[in-house]
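Hi,

Here is the structure I promised to send over. Have a look at it first, and my notes follow below.

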Amino acid sequence: MNKINSYGTGLVAGLAVFFGLMVGAIIMLVSGFNPVTGYVSLVQSALGSSLNIGEVLRSMTPLILTAAGFLVAQSAGFFNIGLAGQVWVGWIASTWFVLVNQSMTPWLSIPLAVIIGALAGALMGALPGWLRAQFGASEVITTIMLNYIALYGGNAFVQGLPKKLMTTTDMTVTLPTEDSLRWDLLANLTGGSRLNIGFIIAIVALVAIWFIMKRTTLGFEIRAVGLNPDAARYAGMSAKRTAVTAMTISGLLAGLAGATEGLGTYLNIFSQTGAPQVGYDGMAVALLASGSFLGIFFAALLFSILSVGGLGMPLASGVPTELVSVVTASIIFFIGANYLIRLILVKIDEDDAKQKAKKLAGPQKKGRNDKKVEKEAE
Amino acid sequence: MADQPIVLEMRDIVKQFGEFRANDQINLQVKRGQIHALLGENGAGKSTLMNQLSGLLQPTAGDILINGQKVIVDSPSKAAELGIGMVHQHFMLIDAFTVTENIILGSEPVNGLKLNTKAAATEIKKLSEQYGLDVDPNALAGDISVGMQQRVEILKTLYRGADILIFDEPTAVLTPQEIDELMTILKGLAAEGKSVILITHKLDEIKAVADQVTVIRRGKSIDSFPVAGVSSQELADIMVGRSVSLFSTEKEPAHPTDTILSVSDLTVKDARGVEVVKNLSLDFRAGEVVGIAGIDGNGQSEFISALTGLMPSASGKVTLKGKNITNKKPRQITESGVGHIPEDRHRFGLELDMTLAENIALQTYYKAPMSKAGVLDYDKINAHARELIEKFDVRTVNELVPASALSGGNQQKAIIARELDRDADFVIAAQPTRGLDVGAIEYIHQQLINQRDAGKAVMLVSFELDEILNVADRIAVISHGEITGVVDANETSKNELGLLMAGMSLAEARAQLAGE
């Protein structure tokens with residue numbers, strides 16, 4: 001077997017994070033900051049108070065959902081760049097539904113709104129899935145374009161809402177906390193943070209998606225189609241239908257993420273200058289998690305610590321928040337360059353083996369006998 | 001022969017791909033005027049070795065010597081300069097160019113700015129006559145037969161001054177008659193002092209033309225010896241490293257009964273709209289193996305795809321036990337009782353990155369007991385896989401390794417286990433032994449015979465006549481999408497099949513053979 005692929009994805013991801021942090025440290029040094037103080041203040045800002053921990057968990061919510069969405073699409077062989085647009089339509093649809101139905105009891109309106117948000121995202125994901133299955137249109141292109149359609153269509157929708165729902169031309173009124181996913185218990189536990197039921201939804205969704213992908217015939221089909229569509233067809237699966245289903249689920253999860261943003265975090269809708277960043281960050285989280293559902297949880301945690309902690313860095317150590325973006329970008333870079341990391345690991349192993357061989361066999365043996373000696377030694 | 005100088009020597013060649021050692025200290029010595037066969041299974045490392053000689057790959061360690069001089073072959077043009085020419089399995093000819101234009105492509109002789117094709121054509125004609133190639137330099141490459149195209153490739157290397165010619169499985173695309181002619185040409189080349197390296201895994205060819213054979217097994221040169229006085233049986237023994245009975249599966253005469261699958265007037269069009277299967281009619285009976293013989297690319301793949309629902313049929317009818325299954329979906333066809341061992345096991349037969357157990361459940365995962373209400377029961381899936389691994393002797397660490405971790409033969413056994421375990425009435429085996437070692441081939445043949453004896457209808461599609469003659473009871477020959485003849489396996493000969501494969505009707509073929 002090829003050695004380069006034999007290293008655990010966890011090790012590779014961990015090293016990517018490490019290298020990313022190192023790059024951040026070097027930049028801090030070059031810019032005249034103390035990296036130790038910088039990172040300590042980052043961690044303190046993120047985890048130093050229950051309020052901030054609550055914010056970290058809150059920030060994880062949409063990341064978990066979009067990353068899970070990305071992973072499902074990826075399993076079927078799709079690169080869903082449209083998560084951001086799918087988040088945005090989910091956000092608008094769910095929050096709008098509650099805004100216009102404030103007379104309804106929240107016990108009914110909120111679950112309905114969450115479902116509507118999820119469905120909006122699902123439709124937005126199904127479309128590029130169907131376009132590729134039917135016409136072979138590259139989902140990379142269509143989802144990028146659909147992000148723009150969602151962004152500007154959504155903005156136009158928000159700006160066109162009745163005056164009584166708006167505070168400014170770009171922003172709706174804020175929902176009362178009773179008409180939202182906020183839950184006093186969670187807020188009180190975390191010093192009044194914006195942590196909400198969305199977090200629970202995200203965890204449940206993550207477990208459910210894990211189950212679907214690993215333990216159901218649907219997940220089996222999605223994986224089979226993604227890994228080898230020809231063999232899937234040979235085995236009687238409908239590659240087209242499965243691909244559309246996977247993209248629908250992917251969009252559904254992104255729509256859910258949008259619902260938690262609108263009904264859990266912001267409690268309103270305001271027009272955006274770009275499709276929501278959580279859609280793109282979710283891709284990064286999924287890449288760092290490299291195919292593992294548990295990995296998504298920890299990768300989302302890391303990204304949230306970086307983003308929440310990054311906000312506190314300037315105050316505590318003078319390091320600008322932008323630096324956190326550099327660290328995040330570096331981590332993503334090293335994830336992308338995981339081949340490089342694997343190559344380094346192979347090299348370390350080989351050097352190690354050579355050292356061992358030299359010690360065992362003395363200096364006269366060298367070259368191609370190393371491997372043999374190593375094997376005998378083990 | 002013994003007094004001829006050694007023109008090529010490869011010494012202790014090692015080629016490492018990551019952890020995988022494709023060539024492990026291979027030694028090869030080729031003399032002037034020698035036909036030197038490289039014998040070994042697919043994946044043994046023959047092509048890797050030759051790619052290092054033709055400049056496509058560089059050895060990790062070891063030396064290449066031409067006429068006693070150490071050389072570094074770091075590009076195909078360097079190889080040509082050193083007099084090394086390769087005739088590839090897939091020809092690289094431009095159909096719209098004449099033979100001459102194809103040959104001079106890349107080294108065109110010029111008069112000032114003008115191409116001097118005439119001089120080239122004369123030289124090519126001369127070379128063609130010298131080596132008995134009988135090639136018309138002015139014919140269009142697209143108009144001549146496959147066998148002729150191959151000769152053009154040979155001329156190409158000769159025109160560039162090659163002294164060492166490498167042939168990579170040259171007979172794979174030829175009819176038996178063309179194979180005979182090629183053998184004569186190879187002998188002619190050797191007689192003129194050229195050295196020929198023949199990559200093959202066909203023992204007959206080695207017996208027919210080679211002077212010397214070097215056997216490569218698992219990346220190592222096992223042995224090198226003169227061919228004279230060695231039997232095919234001995235060659236096979238050395239190749240696989242143990243004694244095997246060569247292609248003679250024990251079987252009783254067939255007792256065919258009812259028709260299981262009936263194909264009538266089936267026509268299949270490919271993506272370009274060309275009819276690749278034309279009005280094909282054929283019946284398959286219980287208790288009989290029907291071999292489909294023919295050269296690769298004569299409609300076999302499309303025929304199978306249409307039968308299994310992977311490709312639509314344009315017209316005609318396929319019935320399985322009286323039930324119309326024409327243009328049904330693959331799963332409907334599978335469920336009505338068709339087992340399919342696909343031609344390309346990596347592309348169609350396996351999900352290489354999924355576990356062996358999941359692959360074994362690939363056709364049954366959606367129903368009880370493998371799953372209930374859409375939820376997979378991995379205990380059952382894995383237990384069933386363990387059972388089949390045992391029953392079909394699939395060599396693996398366990399059932400949870402990815403299918404890609406298995407050797408080719410064991411991957412094929414896993415597919416066979418999956419397809420035969422479902423107790424299908426009609427079993428399609430397409431190229432079931434391609435690239436496998438003799439031990440696995442024997443096993444697979446026996447399995448097909450067992451299916452026949454259990455009252456199943458078996459269809460065996462193969463490009464290897466030996467395999468068809470060994471296993472099939474009745475042989476249908478396909479040429480250009482049409483069945484040119486259906487013969488009893490006991491009453492035919494390789495010659496007759498060869499003529500049918502070349503497109504003659506049965507009457508024509510018999511008349512020709514009677515006239516000889």
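First a definition: a salt bridge here is a side-chain nitrogen of Lys or Arg within 4 Å of a carboxyl oxygen of Asp or Glu. By that rule, the side chains of Lys70(B) and Asp63(B) meet in a salt bridge, at 3.6 Å from N to O.

Some housekeeping. This is a predicted model, where local features need pLDDT of at least 70, side-chain atom pairs count only at pLDDT 80 or more, and totals for chains, interfaces and linings use all residues. Residues are numbered from 1 along each chain as its sequence is written, chains are lettered from A and ligands numbered from 1 in the order in which they are written, and side-chain values use heavy atoms, with hydrogens and water left out.

**Salt bridges**

The whole structure has 28 salt bridges over all chains. For burial I use these cut-offs: buried is under 20% relative accessible area, exposed is over 50%, and partly exposed is in between (1.4 Å probe, protein chains only). Back to that pair in chain B: Lys70(B) counts as exposed because its relative accessibility is 59%, while Asp63(B), at 26%, is partly exposed.

Another pair is Lys413(B) with Asp393(B), whose closest N and O atoms are 3.6 Å apart. This one links distant parts of the chain, 20 residues apart: Lys413(B) is in helix α14 (residues 408–421) of chain B, and Asp393(B) is in the loop between α13 (378–391) and α14. Helices (H or I, at least four residues) and strands (E, at least two) are DSSP runs, numbered from the N terminus. Lys413(B) is buried at 9% relative accessible area, whereas Asp393(B) is partly exposed at 30%.

In chain A, Glu139(A) pairs with Arg132(A), and the closest N and O atoms are 3.0 Å apart. Glu139(A) is buried, with 6% relative accessibility, and Arg132(A) is partly exposed at 28%. There is also a network of salt bridges that links Lys251(B), Arg452(B), Asp453(B) and Asp473(B).

**Where the chains meet**

Contact means heavy atoms within 4.5 Å. On that basis, 30 residues of chain B are in contact with 24 residues of chain A. The area buried between the two chains is about 2,500 Å², with carbon and sulfur atoms giving 55% of it; buried area is the accessible area (1.4 Å probe) that two parts lose on being put together, summed over both. The rule finds two salt bridges across this interface. Glu358(B) and Arg223(A) meet through their side chains in a salt bridge, 3.2 Å from N to O.

**Cores**

A nonpolar core is a set of buried Ala, Val, Leu, Ile, Met, Phe, Trp, Tyr and Cys residues joined through side-chain atoms within 4.5 Å. Which members touch the most others in the largest one? Of its 93 residues, they are Leu253(A), Val285(A), Leu288(A) and Ile296(A). Helix α3 (residues 50–75) of chain A gives the largest share of this core, eleven residues. Leaving out residues up to four places away in sequence, Ile296(A) touches Ile64(A), Ala67(A), Ala68(A), Leu71(A), Leu206(A), Val285(A) and Ala289(A). A second, separate core has 61 residues, including Ala357(B), Tyr365(B), Ala417(B) and Ala489(B).

Lys456(B) is in the loop between α15 (438–453) and β22 (457–462) of chain B. Is Lys456(B) buried or exposed? Lys456(B) is buried, at 10% relative accessible area. Apart from neighbours within four places in sequence, its contacts include Glu288(B), Asp423(B) and Asp425(B).

For the backbone, the peptide bond from Ala368(B) to Pro369(B) is cis, with omega near 5°. Pro369(B) is in the loop between α12 (356–360) and β19 (371–372) of chain B. Two residues other than glycine to look at for positive phi: Glu169(B), near 40°, and Asp265(B), near 50°. Glu169(B) is in the loop between β9 (164–168) and α6 (176–191) of chain B and is buried at 17% relative accessible area. Asp265(B) lies in strand β13 (residues 259–269) of chain B and is partly exposed at 44%.

Cheers
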